[in-house]
Amino acid sequence: MASFCIFVLYGMVAFLGAQAAIIVDCGRNSVSVRWTETNLQVDPYSLQLGDCPPSQVSVKPEGSEAVFNAEFGACAIRRLVTMDQIVFATEITSTAPLKASPVYYPVACAYIRPEDWTPPLYNPLVFHTHGQGDLNFHMALMTDDFGGLAASTTFSLSSTIPIAASVEQDAHQPLLLLLEECVASTTPELGPDSRIYPLITNKGCLVDSKKTNSKFLPRSRLSEIRLSLQAFKFAIGEDVYIHCKLVAWDPRDLDGGKKACQYDKASSRWTLLDDPSQSSLCSCCDTNCQGRKKRGLRNESSALNSVLGPLVIIDN
């Protein structure tokens with residue numbers, strides 16, 4: 001991110017009658033955050049930056065400290081583009097139940113947008129990025145039978161858009177690939193002027209399946225998830241981009257925050273893709289889904305955001 005002027009944000013946040021000092025150090029492609037608190041009223045292990053746990057925790061009689069180190073594009077860090085700035089934003093929260101106001105502290109790094117800056121170019125058929133550690137995430141448009149990559153990015157209105165997402169792993173135990181959030185947008189970068197249509201929300205709920213024929217398809221392997229979307233368009237002449245958050249998770253530990261749910265119109269209820277007998281995990285899809293805190297292997301989870309597009313949707 002050369003030639004960007006960095007605004008380093010830092011501050012103090014009060015909670016439960018105590019004070020925590022928070023220092024934010026904005027780097028060229030990453031952010032470091034240091035949380036220190038003297039009254040020991042918050043478990044530092046419960047803190048998270050976006051959806052990532054601390055990289056380092058220290059608890060001593062004189063106080064506690066949590067340190068986060070995250071690259072932009074990970075930990076649910078959002079990128080917003082304005083006329084003169086590029087802003088990476090997220091927040092520090094706590095997963096522990098609190099008797100008073102919950103911990104919430106916004107974190108942002110703002111960079112001057114160069115005059116010659118343009119959005120990154122995406123291969124419209126395949127998105128591939130290297131994830132955390134030895135995890136590689138993929139997302140691609142597929143043929144109707146999922147036998148190979150699609151040859152075109154043009155779809156008829158109301159037709160099927162086959163999408164496959166997967167994660168490759170070298171040294172991990174088997175991981176389950178989930179789509180935590182997906183939206184359709186008119187732009188490759190989500191910004192104030194982007195038009196948004198929600199597809200998957202509430203930590204894995206395919207909300208589009210409630211009103212269209214969109215659906216998850218049975219898995220061929222744990223590390224891949226297949227999605228069949230019903231094509232739609234915003235307006236004449238507007239391209240469509242699919243933005244998704246890919247999450248690799250421990251398949252033995254599904255909960256309300258890590259799941260793949262879709263709406264079964266025949267039974268008028270939400271069902272769990274990977275084990276219909278546990279569909280009660282999807283009962284929160286019409287309200288507010290929350291996951292539980294789990295430690296180890298970076299919460300047994302790694303996540304990255306990906307984009308497909310532009311897709312061209314034409315009338316039948």
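Is Ala-150 buried or exposed? In this predicted model, Ala-150 has a relative accessible area of 9% and is therefore buried, the cut-off being under 20%. Ala-150 belongs to the loop that connects β12 (135–141) with β13 (154–156). The C-alpha atoms of Ala-150 and Ala-140 lie 8.2 Å apart, with a sequence separation of 10 residues.

Strand β19 spans residues 224–230, and five of its seven residues are buried, so the strand is largely enclosed by the rest of the structure. One of its pairings is with strand β14 (residues 160–169), in which seven bridges join the two strands in an antiparallel arrangement. Within this pairing, Ile-163 has Leu-227 of β19 as its bridge partner. Strand β18 (residues 215–217) is also paired with β19, again antiparallel, through three bridges. The strands β18 and β19 make up a hairpin, and six residues separate them.

Several backbone features were also noted. Ser-158, although not a glycine, has a positive phi of about 75°. Ser-158 is placed in the loop between β13 and β14, and its relative accessible area of 46% makes it partly exposed. A positive phi, of about 55°, is likewise found at Asn-202, which is not a glycine either. Asn-202 sits in the loop between β16 (196–200) and β17 (205–206). With a relative accessibility of 17%, Asn-202 counts as buried. The peptide bond leading from Gly-309 to Pro-310 is cis, its omega being near 5°. Pro-310 is part of strand β23, which covers residues 302–314.

Six disulfides are found when the whole structure is searched. With the bonded cysteines of the protein numbered in sequence order, the pairing reads 1-4, 2-3, 5-7, 6-11, 8-9, 10-12. Three of these links are described below.

In one of them, Cys-26 is joined to Cys-109, with an S to S distance of 2.0 Å. Cys-26 belongs to strand β3 (residues 18–26) and Cys-109 to strand β10 (residues 104–112), so this pair ties together parts that are 83 residues apart in sequence. The disulfide is left-handed because the torsion about the S-S bond of Cys-26 and Cys-109 is about -90°. Both Cys-26 and Cys-109 are buried.

Another disulfide connects Cys-205 and Cys-285, again with 2.0 Å from S to S. This pair links distant parts of the chain, with Cys-205 in strand β17 and Cys-285 in the loop between β22 (269–272) and α1 (297–300), 80 residues apart. A torsion of about -80° about the S-S bond of Cys-205 and Cys-285 makes this disulfide left-handed. Cys-205 counts as buried at 0% relative accessibility, and Cys-285 counts as buried at 7%.

A further disulfide is formed by Cys-261 and Cys-282, whose sulfur atoms are 2.0 Å apart. Here too distant parts of the chain are linked: Cys-261 is in strand β21 (residues 261–264) and Cys-282 in the loop between β22 and α1, 21 residues apart. The link of Cys-261 and Cys-282 is left-handed, with -80° about the S-S bond. Cys-261 has a relative accessible area of 0% and is buried, while Cys-282 counts as buried at 0% relative accessibility.

Definitions and conventions. Residues are numbered from 1 along each chain as its sequence is written. This is a predicted model: local features need pLDDT of at least 70, side-chain atom pairs count only at pLDDT 80 or more; totals for chains, interfaces and linings use all residues. Side-chain values use heavy atoms; hydrogens and water are left out. Buried means under 20% relative accessible area, exposed over 50%, partly exposed in between (1.4 Å probe, protein chains only). Helices (H or I, at least four residues) and strands (E, at least two) are DSSP runs, numbered from the N terminus. Two strands pair if DSSP finds at least two bridges between them. A disulfide is a pair of cysteine sulfur atoms within 2.5 Å.
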